Amino acid sequence: MYKFLEKIDSFCGYINNWSIIRDAQTNDKYGFYADKRPIDILIKNSIINLDKPPGPTSHEVAYWIKKMLNLNKVGHGGTLEHV
């Protein structure tokens with residue numbers, strides 16, 4: 001069985017009896033399994049959930065991430081500020 005599914009089940013506390021009919025035939029040339037993606041691919045194509053500390057604005061934090069990771073585009077989807 002694909003270990004990634006077992007990890008997800010274990011993390012979520014699920015008990016699933018998976019029936020594998022056949023293993024998929026894949027080629028790394030066309031992509032990666034989610035848990036096996038190289039860090040540079042994850043950074044370029046992913047969402048980073050960040051617990052922003054009070055003080056800097058969301059725009060500032062996005063700018064810092066852009067510079068630290070040498071990315072062309074970084075944005076934020078909003079902030080839930082404490083009242």
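This is a predicted model: local features need pLDDT of at least 70, side-chain atom pairs count only at pLDDT 80 or more; totals for chains, interfaces and linings use all residues.

Modeller: Residues are numbered from 1 along each chain as its sequence is written, and side-chain values use heavy atoms, with hydrogens and water left out.

Colleague: Which residues of α3 are buried?

Modeller: Helices are DSSP runs (H or I, at least four residues), numbered from the N terminus, and α3 covers residues 58-68. Buried means under 20% relative accessible area, exposed over 50%, and partly exposed in between (1.4 Å probe, protein chains only). An α-helix has 3.6 residues a turn, so residues three or four places apart point the same way. The buried residues of α3 are S58, V61, A62 and I65.

Colleague: Within what arc do the buried residues of α3 fall, seen down its axis?

Modeller: The arc is that of the directions from the helix axis to the C-beta atoms. On the other side of α3, H59 and K67 are exposed. The buried residues line one face of the helix, because they fall within an arc of 100°.

Colleague: With which residues is S58 in contact, leaving aside its neighbours within four places in sequence?

Modeller: S58 belongs to α3 and counts as buried because its relative accessibility is 14%. Contact means heavy atoms within 4.5 Å. By that criterion, the partners of S58 are K52, H76 and T79.

Colleague: What accessible area do I48, L50, Y63, W64, M68 and L69 have together as a nonpolar patch?

Modeller: Patches are made of residues with over 30% relative accessible area and no salt bridge, nonpolar side chains (Val, Leu, Ile, Met, Phe, Trp, Tyr) being joined within 5 Å and like charges within 9 Å; a salt bridge is a side-chain nitrogen of Lys or Arg within 4 Å of a carboxyl oxygen of Asp or Glu. Accessible areas come from the Shrake-Rupley method with a 1.4 Å probe, only the protein chains shown counting as cover for residues. Together the six residues have about 650 Å².

Colleague: What is the phi of N70, which is not a glycine?

Modeller: N70 is placed in the segment after α3 and counts as exposed, because its relative accessibility is 69%. Most residues other than glycine have a negative phi. For N70, phi is positive, at about 55°.

Notes: Helices (H or I, at least four residues) and strands (E, at least two) are DSSP runs, numbered from the N terminus.
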